[in-house]
Amino acid sequence: LVDKKKEKNLFQRLVKYDFIFTPQKSSSKMFKNFMLRFSKKNFIQKLPVIFESGYPKLDYLRKRKIKKKSSEAIIVIAPSDYRHIQKLSIYNEIEDIIDLILKKTSYKIYFRPYPANLKSKKITKIINKYNHINRFNLDDSNDYTNVYSKSKYLLTDISGTAVTYSFFTNKKVIFYSRNEKLVKKKYYANNSYFKDRNKLGVIKNKPIKIVKFLNSGNSKNIRNNLRKEITYLDNSKKRIKYLIKNIIKQYEKKV
């Protein structure tokens with residue numbers, strides 16, 4: 001997901017590849033539509049071949065069989081890269097959100113910035129502002145399974161970690177959507193990520209509404225039926241191996 005203005009640049013990067021592997025059919029469809037739209041505008045005929053290959057990260061988590069911990073009053077705040085779609089970024093109100101959670105709830109906050117943003121001035125400013133508060137924790141670990149499993153909710157804007165969190169924990173994701181008018185525009189409304197948000201949790205458009213939800217006690221887990229849409233669930237490794245072998249065979253025939 002990137003800002004509309006940056007889509008052409010993304011296309012120019014992706015079109016250089018021969019193959020793209022996606023986790024599920026909806027992702028494949030999204031990439032195909034995206035590539036076709038820009039190829040017509042730029043008169044490009046050769047596009048990457050898109051394969052559905054499964055979700056290796058989820059398979060890894062499922063095979064580890066991590067013992068799920070009882071939920072504590074913890075909310076993980078895991079924003080997307082703030083450079084992707086700035087008008088939808090939680091960083092526009094993140095300090096207001098953190099202030100309200102600390103002031104009006106008893107929740108502990110685990111802040112997980114997007115790795116590429118971690119050392120940016122924007123993130124450093126947030127960490128410096130709150131690092132003296134006991135209920136605020138920076139989580140920059142490579143393994144998020146511990147904090148995900150003991151938390152009650154994950155709060156994000158448009159990060160793909162929402163899907164991972166939901167599939168791994170069956171707990172609700174709170175999507176902060178400050179600009180639903182933009183989301184409902186054609187080029188975002190047809191995106192499977194935005195379509196699936198209500199299946200993964202709840203959507204809130206104001207910081208105070210996040211707080212009200214946290215204090216509502218509505219922490220019942222969800223039934224995540226989206227797993228059924230992953231054809232190669234628990235078999236992504238075999239699927240990727242199979243695809244690569246066939247790609248090599250086809251290449252050898254041409255040579």
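Which strand does phenylalanine 19 lie in? Phenylalanine 19 lies in strand E1. The views below show a predicted model.

**View 1. A nonpolar patch sits on the surface.** Five names make up this patch: Phe19, Phe21, Val49, Ile244 and Ile248. Together they have about 390 Å² of accessible area. Two elements give two or more residues each to the patch. They are strand E1 (19–22) and helix H13 (236–254).

**View 2. Aspartate 18 forms a salt bridge with lysine 46.** Their closest N and O atoms are 3.2 Å apart. The pair links distant parts of the chain, 28 residues apart. Aspartate 18 is in the loop between helix H1 (7–14) and E1. Lysine 46 is in the loop between helix H2 (25–42) and strand E2 (49–52). Why can such pairs form? Side chains of opposite charge can pair when their charged atoms come close. The whole structure has 11 salt bridges.

**View 3. Helix H4 packs with helix H12.** H4 covers residues 94–104, and H12 covers residues 207–214. The helices pack at an angle of about 35°. Their axes are 9 Å apart. The crossing is right-handed.

**View 4. Residues of H4 and H12 make the contact.** H4 gives Asp96, Ile97, Leu100, Ile101 and Lys104. H12 gives Pro207, Ile208, Ile210, Val211 and Leu214. By class, 8 residues of this contact are nonpolar and 2 are charged. None is polar.

Technical notes: Residues are numbered from 1 along each chain as its sequence is written. This is a predicted model: local features need pLDDT of at least 70, side-chain atom pairs count only at pLDDT 80 or more; totals for chains, interfaces and linings use all residues. Side-chain values use heavy atoms; hydrogens and water are left out. Axes are lines fitted to C-alpha atoms, for helices over the stretch in contact, and angles run from 0 to 180 degrees between N-to-C directions. Helices (H or I, at least four residues) and strands (E, at least two) are DSSP runs, numbered from the N terminus. A crossing is left-handed if the near helix is turned anticlockwise from the far one by less than a right angle, and right-handed if clockwise. Contact means heavy atoms within 4.5 Å. Ala, Val, Leu, Ile, Met, Phe, Trp, Tyr, Cys and Pro count as nonpolar, Asp, Glu, Lys and Arg as charged, and the others, Gly among them, as polar. Patches are made of residues with over 30% relative accessible area and no salt bridge: like charges are joined within 9 Å, nonpolar side chains (Val, Leu, Ile, Met, Phe, Trp, Tyr) within 5 Å. Accessible areas come from the Shrake-Rupley method with a 1.4 Å probe; for residues, only the protein chains shown count as cover. A salt bridge is a side-chain nitrogen of Lys or Arg within 4 Å of a carboxyl oxygen of Asp or Glu.
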